[in-house]
Amino acid sequence: MYAPERQQEILRLARDGGRVDVVSLAEQFQVTAETIRRDLKALDRAGVVRRVHGGAIPVGRLDFEPDLAERETTAAGEKDRIAGAALAEIPNGGTMIVDAGSTAALFAAALPVESSLTVVTHSLPIAARLADHPGIQLHLVGGRVRHRTRAAVDAWALRAYGEIRADVLFVAANGFSTGHGLTTPDLAEAAVKRAAMAAARRVVLLADSSKHGQEHFARFGGLNDVDLLITDSGLSPEDALAIERGGTEVVRA
């Protein structure tokens, strides 16, 4: 396969999957990682992809935000494992905030019915999942509801989080990296995530490995603001070590 043919196929894979990584492409095309890096560099110069840590994302997807239904079917197995591992971080009898997001929703669904704790959330789907748990004192934060994520945002939500103090926050992100921190496409949603982080004594990030290295428009914190990252084994040991050097514990479920 000639380089232009390979680059065209790489672009198709990036647009279909939202991201490509160097290692997987090298294996697929049976070429060296350096060859793939040259391909991505050429595509980046052409303005059709943007290089990120370990791979690339297609231009036009940098601030693309899939709706909730689509995100629930993406990396489903990895998200299930992350949700299961997060159960070990539940504050028994304490208070926790659960952020909006597909992995956070799976975590909420995995909470045992007999759980005894206080839960605060600005996510309508998560509140609906927990409403029938008799031992959970559920607080639903209000505000304008974003259609794409079914999450409450704006002044009401910010004010509510400014008035509480929780033991732990389970937060989601569309992208995370040591260089650019935690990002999401929407400024209003980023503001609520930032307020929720300030309201918690401990911050646990639930994010599958495909989000590592991704950058989106709105930044709401650094990885050093996160006490624990729970991700999947797709995050390499080297990347996990780099994150831990910044002070964040990493669990690869």
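1. In this predicted model, the charged end of lysine 193 sits over the ring of phenylalanine 220, at 5.5 Å from the centre of that ring.

2. Helix H9, which covers residues 187-198, lies across strands E11 and E13 and runs at about 5° to E13. Strand E13 itself spans residues 218-221, while strand E11 is made of residues 181-184.

3. The open sheet here has 3 strands in the order E10-E11-E13, and their pairing is antiparallel. Strand E10 (175-177) and strand E13 (218-221) each have a single partner strand and therefore stand at the edges, with one side of each left without a neighbour in the sheet. On average, and with direction ignored, neighbouring strands of this sheet are turned by 30° against each other.

4. Looking at one pairing in detail, E11 and E13 are joined in the antiparallel sense over 3 bridges, and threonine 184 has alanine 218, in E13, as its bridge partner.

5. Turning to aromatic rings, the structure holds 1 aromatic pair. The ring centres of phenylalanine 107 and phenylalanine 170 are 4.3 Å apart and the planes stand at 40°, so this pair is tilted. The pair links distant parts of the chain, since phenylalanine 107 belongs to helix H6 (residues 102-110) and phenylalanine 170 to strand E9 (residues 166-171), 63 residues apart.

6. Are the two partners buried or exposed? Phenylalanine 107 counts as buried because its relative accessibility is 0%, where buried means under 20%. Phenylalanine 170 is also buried, with a relative accessible area of 0%.

How values were computed: Residues are numbered from 1 along each chain as its sequence is written. This is a predicted model: local features need pLDDT of at least 70, side-chain atom pairs count only at pLDDT 80 or more; totals for chains, interfaces and linings use all residues. Side-chain values use heavy atoms; hydrogens and water are left out. Two strands pair if DSSP finds at least two bridges between them. Helices (H or I, at least four residues) and strands (E, at least two) are DSSP runs, numbered from the N terminus. Axes are lines fitted to C-alpha atoms, for helices over the stretch in contact, and angles run from 0 to 180 degrees between N-to-C directions. Contact means heavy atoms within 4.5 Å. Rings of Phe, Tyr and Trp (its six-membered ring) pair if their centres lie within 6.5 Å; planes under 30 degrees apart count as stacked, over 60 as edge-to-face and the rest as tilted. Buried means under 20% relative accessible area, exposed over 50%, partly exposed in between (1.4 Å probe, protein chains only). A charge sits over a ring if NZ of Lys or CZ of Arg is within 6 Å of the ring centre and within 35 degrees of the ring normal.
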